[in-house]
Amino acid sequence: MPRPSTPRLSPDRIRAAALRILDEEGLAALSMRRLAEALGVRAASLYNHVRTKEALLNEVANAIVAEVDPRVLDADDWRDAVLGWARAYRAALAAHPNIVPFLAREPLDREASLRLADAVHGTLVRAGWPPRQATMIGAAVRYLVLGAALGSFAGGFVDDEGVYAERFPNLGQAHRLRAHADEIDRDSFELALRALVDGLAARHPSSPDARAEGSTARAGSDGEPRSAATGEPGRTPPS
């Protein structure tokens, strides 16, 4: 018989099959044996293409994060850039929530994650954020995105009114949440994201509130100038 024109195994086919198992059966269900079964090959054949299950998961995670287009960070205003990045990141992860616990470990050698982190950090520093604060903003947004992508808050309620009516009077309408889970989860994420970005804007080095806060931090209650680094009283510089 003629040899098939397309190899039975390829990196793309292996990743696609692994992702289907993750999406349909969960993270715990993925094994090299289960993957080989889905591909119709022997498990030993997979090791010619991927070293370990961990390496395979890293490849799948890398492919998912690579779906976030760094060009969303090209907005003129850093706030729009952060909003665009967070929304695109959440959408990529929400499409495959079963891999989010693995993604949360974020190994440093994952190319797509490093490329995205580099783009985010560069955008924030160019917008005037000190490097340390830019790092913290990137981390804060990532915490929010991972939590939002992990599962549905509204979808976790049952639609039986009797479950809440007597014992949990403040949740009297909770049975209605499940039917509107997608809308509530989306709007809740937007609420938290907007609150975060608005709060950060008030702390940007160029904002009046941040400048006033910085001046207060540099001066003691006695009015003496203080070192910005240590907070200790210092000499007034010559004019």
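**Figure 1. Aromatic pairs in the predicted model.** Four aromatic pairs are counted in this predicted model. Rings of Phe, Tyr and Trp (its six-membered ring) pair if their centres lie within 6.5 Å; planes under 30 degrees apart count as stacked, over 60 as edge-to-face and the rest as tilted. The rings of Trp85 and Tyr89 have centres 6.3 Å apart and planes at 15°, so this pair is stacked. Both residues belong to helix 5 (residues 78-94). They sit four residues apart, about one turn of the helix. Trp85 is buried, at 4% relative accessibility. Tyr89 is buried too, with a relative accessible area of 4%. Buried means under 20% relative accessible area, exposed over 50%, partly exposed in between (1.4 Å probe, protein chains only).

Figure 2. Phe157 and Tyr164 form a tilted aromatic pair. Their ring centres are 6.0 Å apart, with 55° between the planes. Phe157 and Tyr164 are both buried. Ring pairs join Phe153, Phe157 and Tyr164 in a cluster.

**Figure 3. A charge over a ring.** Arg90 lies over the face of Phe189. The distance to the ring centre is 4.9 Å. A charge sits over a ring if NZ of Lys or CZ of Arg is within 6 Å of the ring centre and within 35 degrees of the ring normal.

**Figure 4. Helix 1 and its neighbours.** Helix 1 (residues 11-25) has 15 residues. From first C-alpha to last it reaches 21 Å, close to the 21 Å expected at 1.5 Å a residue. The expected span is 1.5 Å times one less than the number of residues. Ile14, Ala17, Ala18, Leu19, Ile21 and Leu22 are buried in helix 1. The buried residues of this helix pack against helix 2 (32-39), helix 3 (43-46) and helix 4 (53-65). Just after helix 1, Gly26 takes a positive phi of about 100°.

**Figure 5. The whole chain, for orientation.** The protein chain holds eleven helices and zero strands. Helices (H or I, at least four residues) and strands (E, at least two) are DSSP runs, numbered from the N terminus. Of its 239 residues, 33% count as buried. Among contacts (heavy atoms within 4.5 Å) between residues at least 6 apart in sequence, 61% join residues at least 24 apart.

**Notes.** Residues are numbered from 1 along each chain as its sequence is written, and side-chain values use heavy atoms, leaving out hydrogens and water. Because the model is predicted, local features need pLDDT of at least 70 and side-chain atom pairs count only at pLDDT 80 or more, while totals for chains, interfaces and linings use all residues.
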